[in-house]
Amino acid sequence: MTCCGLLTIYHQPVPLRSSSVSVLIQGFVADVGCELIYRNEEPEPLETVFVFPVDAEAAVYAFQARLGGACLQAQLREKKQAQELYGDALAGGQSSFLLLQEGAGGDVFSCSLGNLPPGAEVALTLRYVCQLSLEPDGAACYVLPAVLRPRYTPHGWGGADITQGVPRVPPGELPYTLSLSATLQSPHGIDRVLSNCPLTPLSYTAGSRTSAQVSLAQALPWDWDVELLVYYAEPHKPSAVLEAGLPGAEPGSLMGDPAVMVTLQPSVPEVVPGQSPAREFLFLLDRSGSMECAMDGRDGSPQRIDSAKETLVLLLKSLPLGCYFNIYGFGSKFESFYPQSVQYTQQTMAESLQRIQRLQADLGGTEILAPLQAIYRSPCQAGHPRQLFVFTDGEVGDTQDVIAEVQRHRGTHRCFSFGIGDGASTALIKGMARAAGGSAEFITGQDRMQPKALQSLKRALQPAVTGISLSWDLPPGMQAELLGPGPEVIFAGQRCLVYAQLRGQPQSPDTPVGGVTLQYRIQDQTYQETLQFPLRPQSGDRLPVHRLAAKALLLALEGAAGAGSEEEQRRALETSLSSGVVCPLTAYVGVDTERGQPVQGPLVRRDVPLADPCAAMRPHLRIDEANAHATKMLCHRHRARRASRVPQLGLALPLCCSRVTQFFRSLHWPSSISPPLSPEPAVEAPPLLRLVSLQNADGSWDLGPRLAAALGVSEADARGRMPSEDVAPGVWATVLAVVWLHGRAVGQREEWELLEAKAVGWVRGRAGSWLSKCLEAANALLGCSIDPAVFGL
């Protein structure tokens, strides 16, 4: 056959020519339209299949085709019925298109276009709405996912591999391009927009800076997740959006009644780390072959496993004395540092650092369920609530089984999950955290894992919030029905989203205000947050609040449906069909009934390729064995990635691939512990890691040549500037270290504030009246001017 049109490296034509994405961002909600342009340049009719990722919490609510001047709206049907209609249309020579959710995870969709005639062009458009996450620096983060990594098929699991048939090409070699434009709206004002891709200058369309537009500076290969970070003037301000129902829909139904989305930022008091009650901390680290991929696919970028190892160092140093901990690694098998959790002491901390430096991505596939089951079988430590941290790149097929296992043990622990690298499964990462009352974080591109991990550790150190309840203050004649689960966990600095359907009508037009109150308890103290909002619904044709509310309800029902409840499945099906939001039970299907003559000729299938994020790995790289049939190692040199996120984000330079291991070899090991490897000359490491690696478990530092080198002073000066011989060397050393952190690493505060709190607590108990003199001398030696309030003076 003669190949026409655009070709993959497998010399197959690709009918997908381009993708055009338009995004309307209103506060922390994005309404997205994605248009896919197909053209058949072959002599035979085509069926083309595009499998792509979508955030698991996004609500896909519309699908249409533009073919030969006609616009065809797809209908949402029960999935089996939609598939039969699509198959019948193809058999009859009619052009047809189908959109459905693949598998039960909710984060993979497939778009099929059948009987595309030779020479024809068609535009398929899907629409979805999603919530935007709140970043630690206050940015609203929108991600357009592009990377869909092969899912690992666990041993003995009977499910289908939904990514098996997807062809892969190296990043930069996709034969289709992406263009993206965004309209931004916020009543509180838009400060700026940052991205990991080059953007046009931000153009304000209102003098008050409440609306603006921005777009990609040029059409680019759609081979990496695209991020937009939107900074508002008041990102933490509570808000409520009341949306009118769909005209013509039955009153009393989800789409017929008004729906409200309430965003609260509860004022949860942060607990002083030194006063936090004891905990048991379990760290579960993915050591499958894919963890040897680079974090952002660039030459010289750190591997995921190395970034995780550096993060474990900071986490270990930040743990409080008296807690218990253990570290697990998993792949095709799993192993742990200790048979069961051990108490956190100087000895166990040093032993664990020794073991961390030997960790490699050498355990094969991604069998996460077995280590979870082993963890849950191990007895909990009395008086030490369990906190589980899971680090994975999220490439598993049995997502629902994993989430269900976490759900079954939610009463015994909190789960904090981290998705590493582009393409991590949002269904797995968010589902685990949601199932056990924790939080989910994603580390992509040049993000550093350490700040997000330490932020989660701070949350884990907080006491559990209990007695959470919602109450509504509405005029007589109106009631609020919660859609989806209400708030189940609250952390300081985290948003709390509530969706509700407002039934009835106010009896009096003179009371146009409603209110909602969130109440909760922390230990013996009761707190509450109240927000009032006008009962004047906003009108519009997109109904983003209704779609998101339906998705929240569907997620709750799907969880129940997984347990086999026919009633919950029936309600999920009804909710999906009435709202237009796709779920595992439904699919969109459209058929071109305008064409008079059926499409002639044998149908040829063309699968649209996706970028392989690990194509730039070294030729010897091990890949998950069970994924070998789904993707082959591509040894082509990775083309330079397009412009990375702009420097204003304040990202620290990461360790390159081999420097973590080399640096560990240069560490000073306690005399009671033999160095694991032959000594090598110390290598240059990030200054913060050099200093942190020398801290003791109790928070103190020892005075010596290594500390002086980390501080950038001579050992003679470090000892000679000590204010008095009556000052213990450890006290002086710890004051120096704390001053250095505040003076030289203030941009990485989120990474060291917990271990610094340990240090301050330790030194205040031992310095006595010499503390102010030590601070004065440390400021002079290091050229800093740190305020005495840092030490509580």
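Residues are numbered from 1 along each chain as its sequence is written. In this predicted model local features need pLDDT of at least 70 and side-chain atom pairs count only at pLDDT 80 or more, while totals for chains, interfaces and linings use all residues; side-chain values use heavy atoms, without hydrogens and water.

In soluble globular proteins, nonpolar side chains tend to be buried together. A nonpolar core is a set of buried Ala, Val, Leu, Ile, Met, Phe, Trp, Tyr and Cys residues joined through side-chain atoms within 4.5 Å, where buried means under 20% relative accessible area with a 1.4 Å probe, protein chains only. The largest nonpolar core has 82 residues, and Phe281, Phe391 and Trp701 have the most contacts inside it. Helix H14 (residues 729-744) provides the largest share of this core, 10 residues. Helices are DSSP runs of H or I with at least four residues, strands are runs of E with at least two, and both are numbered from the N terminus. Beyond its neighbours within four places in sequence, Trp701 is in contact with residues including Leu691, Leu707, Ala733, Ala737 and Leu755 (contact: heavy atoms within 4.5 Å). Another core, of 69 residues, lies apart from the largest one and has Leu72, Leu99, Cys130 and Leu216 among its members.

Grid points are joined across faces, edges and corners, and a volume is the space filled by probe spheres set on the points. The structure holds 7 cavities of 30 Å³ or more. The largest cavity has a volume of about 150 Å³. Its lining has 14 residues, and Cys34, Phe52, Pro53, Pro145 and Trp222 are the closest to its centre. Strand S5 (46-53) gives the largest share of this lining, 3 residues.

The second largest pocket has a volume of about 870 Å³. Of its 42 lining residues, Gln26, Ala240, Val241, Met261 and Gln538 are the closest to the centre. Strand S21 (239-243) gives the most to this lining, with 5 residues.

Technical notes. On a 1 Å grid over the protein atoms alone, a cavity is a set of points where a 1.4 Å probe fits but cannot get out, and a pocket is an open set with protein on both sides within 12 Å along at least five of seven lines; lining residues have an atom within 4 Å of a point. Buried means under 20% relative accessible area, exposed over 50%, partly exposed in between (1.4 Å probe, protein chains only).
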